[in-house]
Amino acid sequence: MKAVVWHDVGDIRLDTVPEPKIEQSTDAIVRITTAAICGTDLHFIRGTVRGMRPGLVLGHEGVGVVEEVGKNVRNFRRGDRVLLSAVLGCGSCAYCRAGYYAQCDTINPNGARSGTAFYGAPADNGSFNGLQAEYARVPYAHTNLFGLPESITDEQAIPLSDIYPTGYFGAVIAQVTDGDVVAVWGCGPVGQFAILSAFQRGAGRVLAIDGHADRLERARALGAEVINFNEVDPVEAIMELTRGIGPDRAIDAVGVDAESPKSGPAAAKARDTDELHRAELREIAPKTNERNGRWRPGDAPTQAHHWAIESLAKAGTLAIIGVYPPTDRFFPIGTAMNKNLTINMGNGNHPRYIPKLLAMVESGVVRPEQMLTQHEPMREVMTAYEEFDMRKPGWLKVALNPSVN
Ligand SMILES: NC(=O)c1ccc[n+]([C@@H]2O[C@H](COP(=O)([O-])OP(=O)(O)OC[C@H]3O[C@@H](n4cnc5c(N)ncnc54)[C@H](O)[C@@H]3O)[C@@H](O)[C@H]2O)c1
Ligand SMILES: [Zn+2]
Ligand SMILES: [Zn+2]
């Protein structure tokens with residue numbers, strides 16, 4: 001079958017690989033009808049999240065049709081249309097039962113104390129082959145698959161695989177309650193769903209910060225008050241908009257590939273921290289493979305944290321859903337401590353939220369398909385990756401059709 005395969009930092013290819021087979025009685029094999037490219041995939045190619053195994057199939061977002069199930073999968077059968085949860089749990093351990101699927105004790109072959117299991121991810125995260133492929137093996141399929149009603153299209157379902165539950169998780173752990181002023185840092189696909197979810201959970205105002213005008217425009221369409229850090233100093237703008245108090249909650253939807261401002265008043269200030277960011281990058285991403293501007297790591301890994309913490313109201317809450325590697329040890333702890341902030345973070349517990357979000361999509365309350373800006377056949381996948389990596393205007397979220405060569 002055709003699949004997107006990680007070979008090295010800066011080197012992914014559309015290869016022919018063997019089809020997956022049932023390995024455990026709790027597995028299912030799913031024929032993928034829609035997959036997607038995620039900001040998380042970019043970290044692996046830019047070299048800012050390390051530990052990928054050469055030969056691993058990439059991708060963790062998928063919708064498909066069940067081909068085959070192991071004997072201990074009793075809730076699905078061949079022919080069922082399903083959504084695949086990006087984050088994987090076993091459904092039986094104490095963590096899964098408490099809703100902490102991202103910290104499942106069982107599913108990661110590296111053992112109970114290892115990281116969140118997800119497809120197409122580093123060895124520490126289980127090395128499960130990913131979903132940018134014609135077929136995929138789903139472990140503990142009873143918990144990690146969700147039946148899709150006829151009324152929900154693939155385009156409506158695919159954001160429920162990862163980006164919508166992640167954004168929703170961000171609003172939950174940011175402790176957003178009625179009337180809150182919420183700052184969402186980063187208006188990529190995850191940030192967009194964090195904005196939408198913050199409003200769903202009662203936010204009175206959402207301030208959205210990014211450096212890309214097209215992404216900010218989409219945030220504005222969701223009702224957010226937008227701030228371009230390449231035009232104004234975002235911390236000053238937030239202070240002005242909140243009468244010097246700052247937002248109650250902040251959500252980091254940027255991740256380790258954060259950028260410094262390249263123009264405007266914030267750019268001049270950022271020069272003071274250039275050396276700090278260079279030191280961070282040397283340690284976080286010792287190996288990069290930038291080509292013609294592609295696969296270039298963000299130049300300021302903790303930029304969003306510095307701004308978020310500086311601008312938060314005293315005793316506010318920061319939720320970190322952007323991904324940072326275990327090797328990152330540069331968090332600005334001092335300012336956070338001295339403001340009595342609460343900080344919650346992690347990978348989303350997707351199976352906990354997917355049924356609720358699916359119901360909202362089914363009822364028409366949310367139309368997540370509007371976030372998909374590109375629909376590409378598999379033969380275009382390499383170009384699609386590059387355009388998304390370069391944040392080409394208009395390229396917010398790429399859906400892939402693995403069955404169309
Ligand atoms: N926690 C989870 O379970 C989970 C799940 C999915 C994705 N993620 C992570 O969420 C993050 C966002 O994913 P995405 O797909 O939206 O990626 P993306 O790369 O498309 O979006 C990141 C956005 O942040 C903006 N940005 C860069 N520097 C910034 C700064 N200093 N301040 C404000 N904005 C800045 C970029 O312009 C971009 O629009 C990634 O780190 C991804 O790995 C986490
Ligand atoms: Zn994703
Ligand atoms: Zn578990």
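**Exercise 1.** State which residues the UniProt annotation "domain: Alcohol dehydrogenase-like C-terminal" covers, and describe that span.

Solution. The annotation, from an unreviewed UniProt entry, covers residues 189–258. UniProt positions follow the numbering used here, feature names are shortened, and annotations may be inferred rather than shown by experiment. The end C-alpha atoms of residues 189–258 lie 15 Å apart, and the span is 41% helix and 20% strand. Helices (H or I, at least four residues) and strands (E, at least two) are DSSP runs numbered from the N terminus. This is a predicted model, in which local features need pLDDT of at least 70, side-chain atom pairs count only at pLDDT 80 or more, and totals for chains, interfaces and linings use all residues. Residues are numbered from 1 along each chain as its sequence is written, while chains are lettered from A and ligands numbered from 1 in the order in which they are written.

**Exercise 2.** Describe the surroundings of ligand 1 and explain where the ligand lies.

Solution. First, 34 residues surround ligand 1, the closest being Gly39, Gly186, Gly188, Gly255 and Val323; a residue is near if its C-beta atom, placed from the backbone, lies within 6 Å. Two or more residues of this shell come from each of helix H1 (39–46), helix H6 (189–200), strand E12 (205–210) and helix H11 (303–311). H1 contributes the most, with 4 residues. Finally, both domain 1 and domain 2 give residues to the shell, so ligand 1 lies between them.

**Exercise 3.** Summarise the secondary structure and overall dimensions of the chain.

Solution. The chain has 14 helices and 18 strands. Its radius of gyration, taken over C-alpha atoms, is 20 Å, close to the 22 Å that the globule rule (2.2 Å times the number of residues to the power 0.38) gives for 405 residues, so the chain is as compact as a globular protein of that length. Along its principal axes the C-alpha trace spans about 60 × 45 × 40 Å.

Technical notes:
Domains from an automatic or database assignment.
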